[in-house]
Amino acid sequence: ALAADCYVRTSGANGDSLAPGATGTRKKLALAEFVALVNLMDKKDIPQEGRFGLIPAQMYNELLLIPEFVDYQKRGLTDQLGNGYVGEIMGIRLYKRSRAGVYTNAATPVLKAVGAATAATDNLAALFWHEDCVARAEGGV
């Protein structure tokens with residue numbers, strides 16, 4: 001499990017809950033989360049180059065509402081899709097996937113096992129890492 005200070009919760013406008021089986025509303029993804037995430041990585045001395053993020057498709061659609069992300073073409077980063085990632089914001093290369101982790105809504109969120117029953121209060125998650133900071137990986141390539 002991650003340390004409690006390694007989680008960044010969304011803070012945007014209210015939107016539909018994204019996790020399977022969840023009900024009600026949740027805060028949408030906003031630029032503030034990326035500022036908090038970069039601050040967290042900087043505090044932990046994680047190098048600027050080699051930062052990545054995996055965004056679930058539903059959360060990616062919220063990302064399209066953030067002008068700083070949508071305007072990446074104005075910054076001369078037009079070759080991103082050709083490199084396999086869907087965008088970049090604040091130095092973090094983003095990839096999109098159809099599925100992602102689901103966490104409980106506890107003060108320190110708990111990752112649910114793949115295929116576990118979901119609750120109405122669960123949250124969908126995005127994952128962020130540095131290429132040299134992954135300690136363990138599971139599953140097929």
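Me: Hi! Leaving aside its neighbours within four places in sequence, which residues is Met90 in contact with?
Reply: In this predicted model, Met90 is in contact with Leu31, Phe34, Val35 and Val38, once its neighbours within four places in sequence are left aside.

Me: And where does Met90 lie?
Reply: Met90 is in the loop between β4 (87-89) and β5 (92-97).

Me: How far apart are the C-alpha atoms of Met90 and Leu31?
Reply: They are separated by 9.5 Å, while along the chain the two are 59 residues apart.

Me: Switching to helix α1, which residues are buried there?
Reply: The buried ones in α1 are Glu33, Phe34, Leu37, Val38, Leu40 and Met41. Looking down the axis of α1, these buried residues fall within an arc of 160 degrees, so they line one face of the helix.

Me: What covers those buried residues of α1?
Reply: The cover includes strands β3 (51-56), β4, β5 and β8 (127-130), along with helix α2 (57-63).

Me: What span should α1 have?
Reply: Helix α1 has 13 residues (31-43), so at 1.5 Å a residue it should span 18 Å. Its end C-alpha atoms are 19 Å apart, which agrees.

Me: What follows α1?
Reply: Asp45 does, with a positive phi near 55 degrees.

Me: Last topic: where in the protein chain is confidence lowest, and where highest?
Reply: Confidence is lowest in helix α3 (residues 67-70), with a mean of 79, and highest in α1, at 94. For the protein chain, the mean pLDDT is 85, and 85% of its residues reach 70 or more.

Methods
Residues are numbered from 1 along each chain as its sequence is written. This is a predicted model: local features need pLDDT of at least 70, side-chain atom pairs count only at pLDDT 80 or more; totals for chains, interfaces and linings use all residues. Side-chain values use heavy atoms; hydrogens and water are left out. Helices (H or I, at least four residues) and strands (E, at least two) are DSSP runs, numbered from the N terminus. Contact means heavy atoms within 4.5 Å. The expected span of a helix is 1.5 Å times one less than its number of residues. Buried means under 20% relative accessible area, exposed over 50%, partly exposed in between (1.4 Å probe, protein chains only). The arc is that of the directions from the helix axis to the C-beta atoms. pLDDT is the predictor's confidence in each residue, from 0 to 100.
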